[in-house]
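I opened my notebook to go through one protein model, entry by entry. Below is what I looked up, in the order I looked.

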Amino acid sequence: MPKITYLPLGIVAECSDGETVFAVAQRAKVPIPTACAGKASCGLCRVKIVAGEQSLPPIGREETKHLGNTYFITKLRLSCQARVHGDVTVALPDLTKRK
Ligand code: FES
């Protein structure tokens, strides 16, 4: 069973293969901003991929629309579009900026 680690909170949640980082966060009470409830239209649910990039599918068109083609620099993905197929560690950008 894959695991997702949410930084900086340190919350680790198990998930089923193919679940999104966003859906698992909601279940684990990790506060990821949203205005569209996971429908890839608000662009607010971005997270930074810290580890496990190979456990996610390539960035799709919906993500590119919101994030551009700068993943190789920013490592940001839309959590509602990132389906997990292995262990992944993500950071919530809004929380990390508050330090
Ligand atoms: S939750 Fe709105 S784009 Fe992901």
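**Entry 1: Ala-35.** I began with the contacts of Ala-35, where two residues are in contact if their C-beta atoms, placed from the backbone, lie within 7 Å. Not counting residues up to four places away in sequence, Ala-35 touches Cys-42 and Leu-44. I noted that this is a predicted model, in which local features need pLDDT of at least 70 and side-chain atom pairs count only at pLDDT 80 or more, while totals for chains, interfaces and linings use all residues. Residues are numbered from 1 along each chain as its sequence is written.

I found Ala-35 in the loop between α1 and β3. For these names, helices (H or I, at least four residues) and strands (E, at least two) are DSSP runs, numbered from the N terminus. From C-alpha to C-alpha, Ala-35 and Cys-45 are 8.6 Å apart in space and ten residues apart in sequence.

Entry 2: I stayed in the loop between α1 and β3, where Ala-37 lies. Ala-37 has a positive phi of about 60° although it is not a glycine. Ala-37 is exposed, because 11 other C-beta atoms are within 10 Å. Ala-40 is also found in the loop between α1 and β3, and has a positive phi of about 65° without being a glycine. With 17 other C-beta atoms within 10 Å, Ala-40 is partly exposed. I wrote down the background: most residues other than glycine have a negative phi, and most peptide bonds are trans.

**Entry 3: the loop between β1 and β2.** I looked up Pro-8, whose place is in this loop. A cis peptide bond joins Leu-7 and Pro-8, with omega at about 0°. Gly-10 is found in the loop between β1 and β2 as well. Gly-10 is exposed, because 7 other C-beta atoms are within 10 Å. I checked Gly-10 against Thr-89: they are 79 residues apart in sequence, and 9.6 Å apart in space from C-alpha to C-alpha.

**Entry 4: the elements and the sheet.** I counted four helices and five strands in the protein. From the N terminus on, the elements run β-β-α-β-α-α-β-β-α. In what order do the strands form the sheet? Five strands form an open sheet in the order β2-β1-β5-β3-β4, with mixed pairing. The edge strands, β2 and β4 (76-78), each pair on one side only. Two strands pair if DSSP finds at least two bridges between them. The strands β3 and β4 run antiparallel and are joined by three bridges. Lys-48 has Leu-76 in β4 as its bridge partner.

**Entry 5: Leu-78.** I then moved to Leu-78, which lies in strand β4. Leu-78 counts as buried because it has 26 C-beta neighbours inside 10 Å. Leaving aside neighbours within four places in sequence, the contacts of Leu-78 include Ala-40, Cys-45, Glu-62 and Leu-67. Leu-78 and Glu-62 are 8.7 Å apart in space, C-alpha to C-alpha, and 16 residues apart in sequence.

**Entry 6: the core.** A nonpolar core is a set of buried Ala, Val, Leu, Ile, Met, Phe, Trp, Tyr and Cys residues joined through C-beta atoms within 7 Å. Which members of the largest one touch the most other members? Of its 19 residues, they are Ile-4, Val-21, Ala-25, Ile-32 and Val-90. At least two residues of this core come from each of β1 (3-7), α1 (21-27), β3 (46-51) and β5 (88-91). With four residues, α1 gives the most to this core. I also listed contacts of Ile-32 beyond four places in sequence, among them Phe-22, Ala-25, Val-47 and Leu-92.

**Entry 7: the whole protein.** The C-alpha trace spans about 30 × 30 × 25 Å along its principal axes. Among contacts between residues at least 6 apart in sequence, 64% join residues at least 24 apart.

Definitions and conventions
Buried ≥ 20, exposed ≤ 12 C-beta atoms within 10 Å, placed from the backbone.
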